[in-house]
Amino acid sequence: SGFNSIGHMDTMLRGRHQIGHSKEGEEFIQNVFHVLSQIFTGKERSNLAICWLQYEISKVIQCLQAKKKKKLKAQGRKSKKLAKNFLKAPDNRNNLCLWKLYAYLEWLLGNTDDARKVFDTALCTAGTGGLKSAQLCSLSLLYAQLEVELLESTEGAVTSRAVHILTKLTENGPYVPYSGQMLSVNVLKARKTYEHALQDYLSKTPVSDQDQVNDTDQLVNLVGCYALFQYLTVGIDAAVLIYTQASEKLEASGSQKCENTGENFGILNFPTALEAVTLLHTNLLRFHMKISVYPLNPLREALTEALKRYPSNQSLWRSYIHIQRKSHSASKARRFFDSVTRSTNSLEPWLFAIQAEQMRKKLTEKVQRADVGEIHCTIPETGLTNRIVALFEHAVQSENGTHCPLLWRMYLNFMV
């Protein structure tokens, strides 16, 4: 094709084949990891192992999306071998972040029971930090989220494995794997513990910058665990209330910090904390709509508010496009894309606006084609084509768009 893509470009289609990780690009990335792992030691080496495993997981997810079973099997074997080798290293044996990624990898490969064993082992060896340990909270949150995704409805969720995990986290004692029993008194105690812990975090003023960064991660994990706990034991409204409280407090501490410039007030990393809390909030709403009847408006409002504030967050844009596909009127989404692209320099709004229109065009063509092979409709859909070309033209004229290879390739690809 005249060029090789390093890594992958998942927005491009070549014939029927999705462009995946090209062989040369893959070799290059693997070489970089190998060379660096020999140079680094200690903490840096552990961090590199985390990055490497995250990269392997991204390839597994790509195989899952492309539904390539054979490739998934081979990729799974390679990734698992790598993860096990990392965990054998003496420095990494107690690294909860690596344990978490390994368990997640097993879960993605469909080995739910093995993944549970890994999660349980990690929680048992993690000690008794409870809500004070950011890594323990993060591990429990992911485990609970994956368990919740297996639920078909929230009825009877109070006795589920997810509630057990979130309850055990508050007890500060050694973790005991799930046995199918849940005591209501433990659930009540856990709710009180979460409530007090959240109030403490929201009212506390960190001392040093490092404390603030740690507190930010911890606050996001705590809010996630508490909201998920409330969702399973009380309902969606109780969970949304926690996200709202946390967001309001973070916004207030952020604006106060802006007024007292020079003073280190509130949470230093508040935009990232606020962004992460918003992401948890919108993901929970999306999940709830999947398993039960719930209006679309709260999710749409939460997403539009968040995207005005974080126009370069790809996960939020994906959720936004996903819900807009369900609506037959494109005008509201178009007006929104237009207002965001005017107010920001980031390129993501352009790329997602183009993707949304291309999806619409694909849908229109699918509907207009007859069921006898590739007979194209007699009236071509030129309106959407012109709109997409206009979007590309505006995007490549923007400062960031001019220097974005992906955008130019997408434009050439579309014109072909």
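1. A quick convention before we start: a residue is called exposed when its relative accessible area is over 50%, buried when that area is under 20%, and partly exposed in between. Lys-308, with a relative accessible area of 52%, is therefore exposed. Please keep in mind that this is a predicted model.

2. Lys-308 has a partner: Glu-305 forms a salt bridge with it, and the closest N and O atoms are 3.6 Å apart. Both residues belong to helix H12 (residues 297-309), where three residues, about one turn of the helix, separate them. Glu-305 is at 49% relative accessibility, so it counts as partly exposed.

3. Asp-338 and Arg-342 make a salt bridge with 3.1 Å between the closest N and O atoms. Both lie in helix H14, four residues apart, about one turn of the helix. Asp-338 is partly exposed at 36%, while Arg-342 is exposed at 67%. Elsewhere, salt bridges with shared partners link Asp-113, Arg-116, Glu-147 and Arg-161 into one network.

4. The pair I would point you to next is Lys-59 with Glu-26, a salt bridge whose closest N and O atoms are 2.5 Å apart. It links distant parts of the chain: Lys-59 sits in helix H2 and Glu-26 in helix H1 (residues 23-39), 33 residues apart. Are these two residues buried or exposed? Lys-59 has 7% relative accessibility and Glu-26 has 16%, so both count as buried. The count for the model comes to 12 salt bridges.

5. On the surface, a patch of positive charge brings together Arg-286, Lys-290, Arg-325, Lys-326, Lys-362 and Lys-366. Helix H11 (270-291) and helix H15 (348-368) each contribute at least two of the patch residues. Lys-326 lies in the loop between helix H13 (314-324) and helix H14 (331-343), and its relative accessible area of 53% makes it exposed.

6. How many disulfides are there? A search of the whole structure returns zero. Cys-51 is in no disulfide, and the nearest cysteine sulfur, belonging to Cys-97, is 9.5 Å away. Cys-51 is partly exposed at 42% relative accessibility, and Cys-124 is partly exposed at 38%.

7. Lastly, two contacts between separate stretches of sequence. Thr-216, in helix H9 (residues 209-233), is buried at 2% relative accessibility; its C-alpha atom is 9.8 Å from that of Ala-276, 60 residues apart along the chain. Ser-58, in helix H2 (residues 42-66), is partly exposed at 30%, and its C-alpha lies 9.8 Å from that of Leu-105, 47 residues apart in sequence.

Methods:
Residues are numbered from 1 along each chain as its sequence is written. This is a predicted model: local features need pLDDT of at least 70, side-chain atom pairs count only at pLDDT 80 or more; totals for chains, interfaces and linings use all residues. Side-chain values use heavy atoms; hydrogens and water are left out. Patches are made of residues with over 30% relative accessible area and no salt bridge: like charges are joined within 9 Å, nonpolar side chains (Val, Leu, Ile, Met, Phe, Trp, Tyr) within 5 Å. Accessible areas come from the Shrake-Rupley method with a 1.4 Å probe; for residues, only the protein chains shown count as cover. A salt bridge is a side-chain nitrogen of Lys or Arg within 4 Å of a carboxyl oxygen of Asp or Glu. Lys and Arg count as positive and Asp and Glu as negative; His and the chain ends are not counted. The place of a charge is taken as NZ of Lys, CZ of Arg, CG of Asp or CD of Glu. Buried means under 20% relative accessible area, exposed over 50%, partly exposed in between (1.4 Å probe, protein chains only). A disulfide is a pair of cysteine sulfur atoms within 2.5 Å.
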